[in-house]
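Colleague: I would like to learn how to read helix packing and aromatic pairs in a model. Can we go through one together?

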Amino acid sequence: MPIMNQQVAGRAFLRQLYADAYFPDHVVDQGRAILLRLCERIEAEPPSDLAALYVLTRTATEEFNLLEAEFEAAGSEIETVAREEIAEDFWFVASAYGFPDADVEALIATREW
């Protein structure tokens, strides 16, 4: 399903991770795919409020939790730069879909990274 939100469609997700050789592109690609799936879910069934949005972001955060093993296998990890970039992209998604007041910590509350 193509992303309909033009703000999201034009976003270069995880840009800083792609720019840093420490983060393998093939693993960052998987992270980008997680964020795009989140956007597709939001577009398919728009959340009615922040609580509903947090349910969707919880699932995406748990996917990032699993992705940590892929980073480690590739000699990398979700460390400070990556954590901040991922969190920023979660907030961007929330804002782009009408939730600019979303708490970034609540968006990624189930993170293990």
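This is a predicted model: local features need pLDDT of at least 70, side-chain atom pairs count only at pLDDT 80 or more; totals for chains, interfaces and linings use all residues.

Colleague: At what angle do helix H3 and helix H4 pack, and how far apart are their axes?

Modeller: Helix H3 covers residues 25-44 and helix H4 covers residues 50-73; they pack at about 165°, with the axes 10 Å apart. Angles over 145 degrees count as roughly antiparallel, so H3 is roughly antiparallel to H4. The crossing of H3 past H4 is right-handed.

Colleague: Which residues make the contact between H3 and H4?

Modeller: On H3 they include Val27, Ile34, Leu38 and Arg41, and on H4 they include Leu53, Ala60, Glu63 and Phe71. By type, the residues of this contact divide into 12 nonpolar, four polar and four charged.

Colleague: Now the rings. How is an aromatic pair described?

Modeller: Two values are used: the distance of the ring centres and the angle of the planes. The structure holds five aromatic pairs. One of them joins tyrosine 22 and phenylalanine 23, at 5.1 Å centre to centre and 75° between the planes. Planes over 60 degrees apart count as edge-to-face, so this pair is edge-to-face.

Colleague: Is tyrosine 22 buried or partly exposed, and what of phenylalanine 23?

Modeller: Tyrosine 22 counts as partly exposed because its relative accessibility is 34%. Phenylalanine 23 has 2% relative accessibility and therefore counts as buried.

Colleague: Which residues form one aromatic cluster?

Modeller: Tyr22, Phe23 and Phe71 do. Phe71 is also one of the H4 residues in the contact with H3.

Notes. Residues are numbered from 1 along each chain as its sequence is written. Side-chain values use heavy atoms; hydrogens and water are left out. Axes are lines fitted to C-alpha atoms, for helices over the stretch in contact, and angles run from 0 to 180 degrees between N-to-C directions. Helices (H or I, at least four residues) and strands (E, at least two) are DSSP runs, numbered from the N terminus. Angles under 35 degrees count as roughly parallel, over 145 as roughly antiparallel, 65 to 115 as roughly perpendicular and the rest as oblique. A crossing is left-handed if the near helix is turned anticlockwise from the far one by less than a right angle, and right-handed if clockwise. Contact means heavy atoms within 4.5 Å. Ala, Val, Leu, Ile, Met, Phe, Trp, Tyr, Cys and Pro count as nonpolar, Asp, Glu, Lys and Arg as charged, and the others, Gly among them, as polar. Rings of Phe, Tyr and Trp (its six-membered ring) pair if their centres lie within 6.5 Å; planes under 30 degrees apart count as stacked, over 60 as edge-to-face and the rest as tilted. Buried means under 20% relative accessible area, exposed over 50%, partly exposed in between (1.4 Å probe, protein chains only).
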